[in-house]
Amino acid sequence: PIRCEVNSHLQAGMYASLTVNASSHNSTQSADSFLTPAGATSPGRLRRFYVAVEEVLWDYAPRPPEPMTDVARFYLESGPDAVGRVYRKARYVEYTDASFSVRSPRPPRWMHLGILGPVFELRVGDLLEVVLLNRVSFP
């Protein structure tokens, strides 16, 4: 299930359901085929987003502390029992269309989110469709 951890959103009735199809290109539901939910003033739109899961090397401490303390060394140095400060991470990146060749620009108001995935802006009654392309080498 998809969920939001913002209490005011939950209290206001925000909820979602998720259906995963083998291929979203064979979608049988259009924006005109769903009902207007309670509280909506008009039928919603189909809002389609293209998101790729991409592998990146992420540095969790790009500016390590100077001098390196024992605690910092414990978390930041690689070893047989430690990952270290840089390792693979899956990142969700929004694209402009199904070709997955041009990244969608992130509006300035969302730049503070950094590596976090895209923000989907919807209205009451909209139908959300996310076309997901998995490009990572790990499950």
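Modeller: With the strands: helices (H or I, at least four residues) and strands (E, at least two) are DSSP runs, numbered from the N terminus. This is a predicted model, where local features need pLDDT of at least 70 and side-chain atom pairs count only at pLDDT 80 or more, while totals for chains, interfaces and linings use all residues. Residues are numbered from 1 along each chain as its sequence is written, and side-chain values use heavy atoms, without hydrogens and water.

Colleague: Which strand gives the largest share of the nonpolar patch?

Modeller: Strand β3 (residues 127-134), with three residues. The patch covers about 410 Å² and consists of Tyr 92, Leu 122, Leu 128, Val 130 and Leu 132.

Colleague: Is Val 130 buried, partly exposed or exposed?

Modeller: Buried means under 20% relative accessible area, exposed over 50%, and partly exposed in between (1.4 Å probe, protein chains only). Val 130, in strand β3, has 34% and is therefore partly exposed.

Colleague: What does the side chain of Asp 126 reach at 2.9 Å?

Modeller: The backbone nitrogen of Arg 45. Asp 126 lies in the loop between β2 (86-95) and β3, and is buried because its relative accessible area is 18%.

Colleague: Which residues make up the largest nonpolar core?

Modeller: In soluble globular proteins, nonpolar side chains tend to be buried together. A nonpolar core is a set of buried Ala, Val, Leu, Ile, Met, Phe, Trp, Tyr and Cys residues joined through side-chain atoms within 4.5 Å. Here the largest has six: Tyr 50, Ala 52, Val 93, Tyr 95, Phe 100 and Val 131.

Notes
Patches are made of residues with over 30% relative accessible area and no salt bridge: like charges are joined within 9 Å, nonpolar side chains (Val, Leu, Ile, Met, Phe, Trp, Tyr) within 5 Å. Accessible areas come from the Shrake-Rupley method with a 1.4 Å probe; for residues, only the protein chains shown count as cover. A salt bridge is a side-chain nitrogen of Lys or Arg within 4 Å of a carboxyl oxygen of Asp or Glu. A polar contact is a pair of N or O atoms within 3.5 Å; within protein, one must be able to donate a hydrogen and the other to accept it, and residues adjacent in sequence count only if both atoms are side-chain atoms.
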